[in-house]
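Dear colleague,

Please find the structure below, together with its sequence.

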Amino acid sequence: MFGYMNNRGIVMHADIKAVEKGYIIKGQEYVRVTEVMSVIRKKELEVWRGNIGNEEADRILLEAQDTGTRVHLACEEILKGITTGFDIRIRDLDLQGIEIKMVENFQGWVIRNVKGVILLEEVVFSEKFRYAGRLDALVFLRDGKEVLIDIKTTGAIYDEVALQLAAYKEALKEMEIVGDDCRRMCVRLDKKTGSLEIREFTGTQDFQAFLCCLGIYNWLKGGKNV
(Lines give C-alpha, C1' and ligand atoms only; values in the text may rest on other atoms or scores of the structure.)
Protein backbone atom coordinates (compact mmCIF):
# COMPACT_ATOMS: atom_id res chain seq x y z
CA MET A 1 0.00 0.00 0.00
CA PHE A 2 1.36 3.42 -0.87
CA GLY A 3 0.08 6.88 -1.63
CA TYR A 4 0.20 9.12 -4.67
CA MET A 5 1.07 12.66 -3.63
CA ASN A 6 1.11 16.11 -5.15
CA ASN A 7 1.40 19.58 -3.71
CA ARG A 8 -2.05 19.14 -2.08
CA GLY A 9 -1.11 15.90 -0.31
CA ILE A 10 -2.19 12.29 -0.77
CA VAL A 11 -4.89 11.93 -3.41
CA MET A 12 -5.14 8.17 -3.89
CA HIS A 13 -4.01 4.87 -2.42
CA ALA A 14 -3.81 1.59 -4.24
CA ASP A 15 -2.77 -2.01 -3.69
CA ILE A 16 -0.59 -2.80 -6.69
CA LYS A 17 1.13 -6.03 -7.72
CA ALA A 18 3.22 -6.35 -10.89
CA VAL A 19 2.48 -9.35 -13.11
CA GLU A 20 3.93 -10.47 -16.45
CA LYS A 21 2.00 -8.16 -18.78
CA GLY A 22 0.48 -5.67 -16.39
CA TYR A 23 -0.57 -5.06 -12.81
CA ILE A 24 -3.15 -6.30 -10.33
CA ILE A 25 -4.70 -3.17 -8.81
CA LYS A 26 -7.29 -3.47 -6.07
CA GLY A 27 -7.88 -7.05 -7.20
CA GLN A 28 -8.41 -6.17 -10.88
CA GLU A 29 -6.03 -6.85 -13.78
CA TYR A 30 -4.74 -3.85 -15.73
CA VAL A 31 -2.70 -4.20 -18.92
CA ARG A 32 0.72 -2.53 -18.97
CA VAL A 33 1.02 0.55 -21.23
CA THR A 34 4.20 -0.77 -22.87
CA GLU A 35 2.46 -4.09 -23.54
CA VAL A 36 -0.31 -2.22 -25.36
CA MET A 37 2.33 -0.46 -27.48
CA SER A 38 3.56 -3.86 -28.71
CA VAL A 39 0.83 -3.82 -31.38
CA ILE A 40 2.76 -1.09 -33.23
CA ARG A 41 5.02 -2.66 -35.83
CA LYS A 42 8.73 -1.83 -35.32
CA LYS A 43 9.90 -1.78 -38.94
CA GLU A 44 13.37 -0.40 -38.13
CA LEU A 45 13.93 -3.19 -35.61
CA GLU A 46 12.80 -5.82 -38.09
CA VAL A 47 15.22 -4.54 -40.76
CA TRP A 48 18.06 -4.35 -38.24
CA ARG A 49 17.46 -7.93 -37.08
CA GLY A 50 17.34 -9.07 -40.69
CA ASN A 51 20.69 -7.44 -41.40
CA ILE A 52 22.67 -8.80 -38.46
CA GLY A 53 20.75 -11.96 -37.49
CA ASN A 54 18.68 -12.77 -34.43
CA GLU A 55 21.53 -14.16 -32.30
CA GLU A 56 23.69 -11.04 -32.63
CA ALA A 57 20.63 -8.80 -32.24
CA ASP A 58 19.69 -10.54 -29.00
CA ARG A 59 23.24 -10.10 -27.66
CA ILE A 60 23.25 -6.37 -28.46
CA LEU A 61 19.79 -5.82 -27.02
CA LEU A 62 20.74 -7.60 -23.77
CA GLU A 63 23.83 -5.40 -23.45
CA ALA A 64 21.75 -2.30 -24.18
CA GLN A 65 19.21 -3.39 -21.57
CA ASP A 66 21.95 -3.55 -18.93
CA THR A 67 23.12 -0.06 -19.87
CA GLY A 68 19.57 1.25 -19.83
CA THR A 69 18.95 -0.20 -16.37
CA ARG A 70 22.11 1.30 -14.87
CA VAL A 71 21.49 4.71 -16.46
CA HIS A 72 17.84 4.77 -15.38
CA LEU A 73 18.77 3.94 -11.79
CA ALA A 74 21.43 6.66 -11.80
CA CYS A 75 18.99 9.22 -13.21
CA GLU A 76 16.51 8.24 -10.53
CA GLU A 77 19.12 8.91 -7.85
CA ILE A 78 19.80 12.35 -9.34
CA LEU A 79 16.09 13.22 -9.29
CA LYS A 80 15.85 11.97 -5.70
CA GLY A 81 18.69 14.35 -4.90
CA ILE A 82 16.60 17.29 -6.13
CA THR A 83 13.91 16.30 -3.62
CA THR A 84 16.18 15.58 -0.66
CA GLY A 85 18.80 18.24 -1.30
CA PHE A 86 21.59 15.65 -1.32
CA ASP A 87 24.55 16.20 -3.63
CA ILE A 88 24.71 13.13 -5.87
CA ARG A 89 28.27 12.26 -6.93
CA ILE A 90 28.23 10.44 -10.25
CA ARG A 91 31.49 8.63 -9.51
CA ASP A 92 29.73 6.88 -6.63
CA LEU A 93 27.05 5.42 -8.91
CA ASP A 94 27.22 2.03 -10.63
CA LEU A 95 28.19 3.21 -14.13
CA GLN A 96 30.55 2.07 -16.86
CA GLY A 97 32.31 3.91 -19.71
CA ILE A 98 30.02 6.19 -21.74
CA GLU A 99 27.28 5.78 -19.12
CA ILE A 100 29.14 8.29 -16.94
CA LYS A 101 28.90 11.01 -19.62
CA MET A 102 25.24 10.13 -20.26
CA VAL A 103 24.37 10.65 -16.62
CA GLU A 104 26.56 13.76 -16.29
CA ASN A 105 24.59 15.35 -19.12
CA PHE A 106 21.31 14.34 -17.50
CA GLN A 107 22.42 15.79 -14.18
CA GLY A 108 23.34 19.05 -15.89
CA TRP A 109 19.92 19.25 -17.53
CA VAL A 110 18.17 18.55 -14.22
CA ILE A 111 20.16 21.23 -12.37
CA ARG A 112 19.35 23.81 -15.05
CA ASN A 113 15.67 22.96 -15.51
CA VAL A 114 14.07 20.98 -12.66
CA LYS A 115 12.83 22.72 -9.53
CA GLY A 116 11.16 19.76 -7.82
CA VAL A 117 9.93 16.20 -8.22
CA ILE A 118 6.25 15.30 -7.77
CA LEU A 119 6.30 11.58 -8.65
CA LEU A 120 9.22 9.28 -9.35
CA GLU A 121 9.01 5.71 -10.68
CA GLU A 122 5.37 5.32 -9.67
CA VAL A 123 2.63 3.18 -11.17
CA VAL A 124 -0.31 5.21 -12.49
CA PHE A 125 -3.51 3.74 -13.86
CA SER A 126 -6.83 4.40 -15.54
CA GLU A 127 -9.83 2.68 -14.00
CA LYS A 128 -11.94 3.86 -16.95
CA PHE A 129 -9.81 2.19 -19.62
CA ARG A 130 -8.15 -0.49 -17.44
CA TYR A 131 -4.48 0.16 -18.22
CA ALA A 132 -1.51 1.02 -16.02
CA GLY A 133 2.16 1.90 -16.33
CA ARG A 134 5.21 2.96 -14.38
CA LEU A 135 6.20 6.51 -15.27
CA ASP A 136 9.79 7.74 -14.96
CA ALA A 137 9.05 11.12 -13.39
CA LEU A 138 6.60 13.97 -13.02
CA VAL A 139 8.48 17.15 -12.17
CA PHE A 140 8.13 20.90 -11.68
CA LEU A 141 10.30 22.90 -14.06
CA ARG A 142 11.89 26.18 -13.02
CA ASP A 143 9.35 28.03 -15.16
CA GLY A 144 6.60 26.64 -12.90
CA LYS A 145 5.24 24.12 -15.40
CA GLU A 146 4.56 20.48 -14.62
CA VAL A 147 6.10 18.05 -17.09
CA LEU A 148 5.88 14.29 -17.42
CA ILE A 149 9.25 12.97 -18.55
CA ASP A 150 10.31 9.64 -19.97
CA ILE A 151 14.01 8.78 -19.99
CA LYS A 152 15.23 6.76 -22.97
CA THR A 153 18.58 5.24 -23.92
CA THR A 154 17.36 4.03 -27.32
CA GLY A 155 19.02 4.89 -30.61
CA ALA A 156 16.35 7.50 -31.37
CA ILE A 157 13.16 9.03 -29.97
CA TYR A 158 10.40 7.10 -31.67
CA ASP A 159 6.97 8.56 -32.37
CA GLU A 160 5.15 6.01 -30.21
CA VAL A 161 6.70 7.57 -27.09
CA ALA A 162 4.10 10.32 -27.58
CA LEU A 163 1.34 7.73 -27.12
CA GLN A 164 3.00 6.22 -24.05
CA LEU A 165 3.27 9.60 -22.34
CA ALA A 166 -0.27 10.52 -23.37
CA ALA A 167 -1.53 7.37 -21.65
CA TYR A 168 0.34 8.26 -18.46
CA LYS A 169 -0.95 11.83 -18.57
CA GLU A 170 -4.58 10.76 -18.99
CA ALA A 171 -4.21 8.35 -16.08
CA LEU A 172 -2.77 11.16 -13.94
CA LYS A 173 -5.66 13.41 -14.95
CA GLU A 174 -8.15 10.71 -14.00
CA MET A 175 -6.37 10.38 -10.65
CA GLU A 176 -6.64 14.18 -10.24
CA ILE A 177 -2.89 14.66 -9.97
CA VAL A 178 -2.36 16.83 -13.08
CA GLY A 179 -4.45 18.99 -15.37
CA ASP A 180 -4.63 19.56 -19.11
CA ASP A 181 -1.62 21.90 -19.00
CA CYS A 182 0.80 19.17 -17.92
CA ARG A 183 3.52 18.84 -20.58
CA ARG A 184 4.99 15.63 -22.02
CA MET A 185 8.69 15.28 -22.76
CA CYS A 186 11.19 12.58 -23.70
CA VAL A 187 14.79 12.89 -22.52
CA ARG A 188 17.07 10.63 -24.57
CA LEU A 189 20.64 9.80 -23.55
CA ASP A 190 22.76 8.56 -26.43
CA LYS A 191 24.75 5.38 -25.78
CA LYS A 192 27.39 6.25 -28.41
CA THR A 193 28.14 9.90 -27.64
CA GLY A 194 26.64 10.43 -24.20
CA SER A 195 24.75 13.44 -25.55
CA LEU A 196 21.28 14.47 -24.44
CA GLU A 197 18.28 15.01 -26.73
CA ILE A 198 14.96 16.56 -25.69
CA ARG A 199 11.69 16.15 -27.56
CA GLU A 200 8.37 17.54 -26.36
CA PHE A 201 5.07 16.08 -27.56
CA THR A 202 2.07 18.34 -28.10
CA GLY A 203 -0.14 16.29 -30.41
CA THR A 204 -3.83 16.54 -29.56
CA GLN A 205 -4.67 13.08 -30.97
CA ASP A 206 -1.96 11.10 -29.17
CA PHE A 207 -4.26 9.67 -26.52
CA GLN A 208 -6.86 8.68 -29.11
CA ALA A 209 -4.11 6.87 -31.01
CA PHE A 210 -3.19 5.06 -27.79
CA LEU A 211 -6.82 4.02 -27.31
CA CYS A 212 -6.78 2.63 -30.85
CA CYS A 213 -3.76 0.51 -29.87
CA LEU A 214 -5.57 -0.57 -26.70
CA GLY A 215 -8.61 -1.57 -28.71
CA ILE A 216 -6.52 -3.64 -31.14
CA TYR A 217 -4.60 -5.22 -28.23
CA ASN A 218 -7.80 -6.23 -26.46
CA TRP A 219 -9.32 -7.51 -29.71
CA LEU A 220 -6.26 -9.70 -30.33
CA LYS A 221 -6.54 -11.02 -26.78
CA GLY A 222 -10.15 -12.07 -27.19
CA GLY A 223 -12.33 -9.26 -28.43
CA LYS A 224 -12.75 -7.38 -25.16
CA ASN A 225 -14.19 -3.90 -25.72
CA VAL A 226 -12.63 -0.83 -24.09
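Phe-129 is buried, and so is Phe-207; buried means under 20% relative accessible area, exposed over 50%, and partly exposed in between (1.4 Å probe, protein chains only). Please note that this is a predicted model, in which local features need pLDDT of at least 70 and side-chain atom pairs count only at pLDDT 80 or more, while totals for chains, interfaces and linings use all residues. Residues are numbered from 1 along each chain as its sequence is written, and side-chain values use heavy atoms, with hydrogens and water left out.

Aromatic pairs

The whole structure holds six aromatic pairs (rings of Phe, Tyr and Trp, the last by its six-membered ring, with centres within 6.5 Å; planes under 30 degrees apart count as stacked, over 60 as edge-to-face and the rest as tilted). One of them is the edge-to-face pair of Tyr-30 and Phe-125, with 5.8 Å centre to centre and 75° between the planes. Tyr-30 lies in strand E5 (residues 28–32) and Phe-125 in strand E7 (residues 123–126), so this pair ties together parts that are 95 residues apart in sequence. Helices (H or I, at least four residues) and strands (E, at least two) are DSSP runs, numbered from the N terminus. Tyr-30 is buried at a relative accessible area of 3%, and Phe-125 is buried at 1%.

Phe-129 and Phe-207 also form an edge-to-face pair, at 5.7 Å centre to centre and 70° between the planes. Phe-129 lies in the loop between E7 and strand E8 (131–134), and Phe-207 in helix H6, so the pair ties together parts that are 78 residues apart in sequence. Ring pairs link Phe-129, Tyr-131, Phe-207 and Phe-210 into a cluster.

The sheet

Five strands form an open sheet with mixed pairing, in the order E6-E9-E10-E11-E12; two strands pair if DSSP finds at least two bridges between them. The edge strands, E6 (114–120) and E12, each pair on one side only. E6 pairs with strand E9 (residues 137–141) in the antiparallel sense over five bridges, and Leu-119 stands opposite Leu-138 in E9.

Strands E11 (residues 183–189) and E12 (residues 196–201) run antiparallel and are joined by six bridges, with Val-187 opposite Ile-198 in E12. E11 and E12 form a hairpin with six residues between them, and Gly-194 in the turn has a positive phi of about 80°.

Helix H6

Helix H6 spans residues 206–220 and includes Ile-216, which is partly exposed at a relative accessible area of 42%.

With kind regards
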